[in-house]
Amino acid sequence: MDLSYDVIVIGAGPSGYAAAIRAAQLGMKTACIDKSIGKNGEPTLGGTCLNWGCIPSKALLDASHKYAEANEQFAQIGIDAKVSVDVERMIAHKDAVVDQLTGGIGALFQGNGVTHLAGHGRLQAGRRIEFTPHEGEAATLQAGHVILAPGSVPVGIPPAPLTDDVIVDSTGALEFLEVPKRLGVIGAGVIGLELGSVWGRLGADVVILEALEDFLPVADPRIARDALREFGRQGLDIRLGTRVMGASVAKAGVKVEYQDKEGDHKLDVDKLIVAVGRVPFTEGLLAQDSGVNLDERGFLFVDDLCATDAPEVYAIGDVVRGPMLAHKGMEEGIMVVERLAGHKPLVNYDCVPSVIYTHPEIAWVGKTEQELKADGEAYRTGQFSFAATGRALAANEGTGLVKILADADNDRILGVHILGPQASELIAQAVIAMEFGASAEDLGLTMFAHPTLSEAVHEAALGIGGNAIHMVNRRRS
Ligand code: FAD
Ligand code: NAD
């Protein structure tokens with residue numbers, strides 16, 4: 001094993017592997033250390049995202065959506081079908097996708113000349129790294145530059161300690177081998193909604209207990225309100241303003257005790273998912289003398305360019321401030337190594353898209369209306385409903401809307417919020433427009449293919465100037 005590298009990355013999640021691949025592409029001698037062991041007992045690459053996060057959850061979301069669509073929506077468009085589900089095969093499909101993609105990162109490492117070191121990395125002073133492999137002798141490595149990308153882990157709550165496969169976190173909730181009849185979820189955030197949807201679509205009665213009185217306060221209020229109504233229609237029983245007091249495993253499932261403003265309640269479920277957020281993971285990462293500091297919330301402290309307090313040591317992804325999203329971490333990793341190579345990229349933190357992969361999907365970029373109000377920024381709004389979009393109706397997908405917020409003075413797009421079919425894909429149009437500093441008028445003057453879902457984006461942009469064609473524009477005084 002070589003002991004000296006230009007760049008050593010600790011963590012091979014999306015942030016770390018993207019940084020390592022780009023560093024090698026730029027001619028730097030690069031190693032990437034990761035300690036993860038996959039479901040098959042072998043070292044794996046791809047971190048949370050590929051093994052226990054983005055990818056497996058989307059495999060189950062897509063499969064469960066197809067099942068629910070066949071059973072519940074096909075009849076409305078003249079197809080009579082009754083399909084059944086084989087959960088074990090669905091999980092096996094998910095595992096096969098994970099294997100293919102994690103193996104793909106291995107192939108990319110090999111193809112680009114990144115050395116994969118399977119084991120634990122710990123940063124010491126002077127960019128020395130104590131590497132403890134899963135097999136073989138520990139070694140001290142020397143790096144010209146270090147990139148820390150150790151990611152995050154789920155946080156628990158004392159009243160609901162994880163218990164075998166009954167009270168589980170998101171990782172356990174991707175492994176149920178049969179559909180629970182009654183499923184409880186603590187937390188109506190991204191994971192609660194996505195995994196609650198998966199098992200709800202497959203037939204579970206889902207109750208989601210959320211501490212806050214407001215549903216999805218990070219999203220635009222109109223989008224959150226419409227989404228809450230739609231999820232209720234789909235059978236997700238979302239109870240806001242609740243406080244879980246205890247959860248005990250009984251013979252037949254879990255007994256949950258919670259309070260809301262009406263008093264004490266009991267809820268019996270077969271499985272309980274705890275999805276109340278994630279925290280940065282720094283256990284065993286830093287020797288006493290590493291020179292890297294944490295902020296008051298336990299994240300590695302970095303500046304705008306992801307530099308830590310230790311010279312030539314950078315940190316990226318879930319372990320640093322900002323949203324815990326794979327694409328945000330990847331961009332940070334690429335920025336760091338491109339700057340090492342003398343390029344000058346920046347991450348535009350105002351243009352990080354967020355997506356919740358429910359059906360309909362929720363996606364947004366930029367500011368929400370409540371943020372603009374709080375900032376005292378004058379803005380104008382354009383909205384267009386998918387119910388007035390020919391392609392959406394043809395596809396029986398008329399639920400939701402596109403909402404665009406633009407600066408009242410110069411018309412620059414400040415935020416775009418979508419509830420609707422393929423919102424995860426549509427939002428990319430808004431990200432590109434905002435990256436190029438587009439005005440709502442720029443989008444309005446752009447030609448969109450007909451009939452497409454994208455026309456809802458076009459019409460919402462036209463609506464800001466009162467020029468939408470397929471809806472009656474609000475009169476402006
Ligand atoms: P991670 O992916 O967590 O990777 C860190 C890696 O470093 C791990 O393999 C870890 O074992 C390793 N490591 C840590 N410390 C050490 C050490 N000292 N030595 C060696 N190795 C170490 N994000 C999205 O953008 N879109 C989604 O659709 C999405 N869906 C998600 C669904 C679920 C169920 C979950 C849980 C998360 C989801 N996320 C999603 C979030 C996404 O997974 C994270 O934002 C992303 O994985 C963070 O990437 P990272 O590289 O910073 O860290
Ligand atoms: P989250 O922050 O999205 O949601 C957690 C929810 O739990 C919040 O609504 C919070 O108010 C609630 N909560 C907290 N404590 C509670 C308690 N004691 N009782 C009841 N409710 C409580 O966190 P998450 O859903 O766990 O997801 C973690 C991270 O993973 C997120 O930051 C997200 O960015 C990332 N993720 C992203 C995606 C995606 O991009 N589609 C998917 C899954 C996860």
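When I speak of a polar contact this morning, I mean a pair of N or O atoms within 3.5 Å. Please keep in mind throughout that what we are looking at is a predicted model.

Let me begin with ligand 1. An oxygen atom of this ligand is 2.8 Å from an N or O atom in the side chain of Asp34, and an oxygen atom of ligand 1 is likewise found 2.8 Å from an N or O atom in the side chain of Asp318. In total, 37 residues surround ligand 1, and the closest of them are Asp34, Ser36, Thr48, Lys58 and Asp318.

Turning to ligand 2, there are 20 residues around it, of which Ile191, Glu194, Glu210, Gly277 and Val355 come nearest. For three of these I can give you distances to backbone atoms. Ile191 places a backbone N or O atom 2.8 Å from an oxygen atom of ligand 2, and Gly277 places a backbone N or O atom 2.9 Å from an oxygen atom of that ligand.

Now to the helices. Helix α1, residues 14–25, packs with helix α4, residues 87–112, at an angle of about 20 degrees, and their axes are 9 Å apart. Because angles under 35 degrees count as roughly parallel, α1 is described as roughly parallel to α4. Their crossing is left-handed. On the α1 side the contact is made by Tyr17, Ala20, Ile21, Ala24 and Gln25, and on the α4 side by Ile105, Leu108, Phe109 and Asn112. Sorted by class, this contact of α1 with α4 has seven nonpolar residues and two polar ones, with no charged residues.

I will finish with the backbone. Where are the cis peptide bonds that I would like you to look at? One runs from His359 to Pro360, with omega near -5 degrees, and Pro360 sits in the loop between β17 (354–356) and β18 (361–366). Another runs from His450 to Pro451, again with omega near -5 degrees, and Pro451 belongs to the loop between α12 (440–444) and α13 (455–464). Finally, Arg127 has a positive phi of about 60 degrees although it is not a glycine, and you will find Arg127 in the loop between β3 (115–123) and β4 (128–133).

Note on methods. Residues are numbered from 1 along each chain as its sequence is written. Chains are lettered from A and ligands numbered from 1 in the order in which they are written. This is a predicted model: local features need pLDDT of at least 70, side-chain atom pairs count only at pLDDT 80 or more; totals for chains, interfaces and linings use all residues. Side-chain values use heavy atoms; hydrogens and water are left out. Axes are lines fitted to C-alpha atoms, for helices over the stretch in contact, and angles run from 0 to 180 degrees between N-to-C directions. Helices (H or I, at least four residues) and strands (E, at least two) are DSSP runs, numbered from the N terminus. Angles under 35 degrees count as roughly parallel, over 145 as roughly antiparallel, 65 to 115 as roughly perpendicular and the rest as oblique. A crossing is left-handed if the near helix is turned anticlockwise from the far one by less than a right angle, and right-handed if clockwise. Contact means heavy atoms within 4.5 Å. Ala, Val, Leu, Ile, Met, Phe, Trp, Tyr, Cys and Pro count as nonpolar, Asp, Glu, Lys and Arg as charged, and the others, Gly among them, as polar. A residue is near a molecule or strand if one of its heavy atoms lies within 4 Å of it. A polar contact is a pair of N or O atoms within 3.5 Å; within protein, one must be able to donate a hydrogen and the other to accept it, and residues adjacent in sequence count only if both atoms are side-chain atoms.
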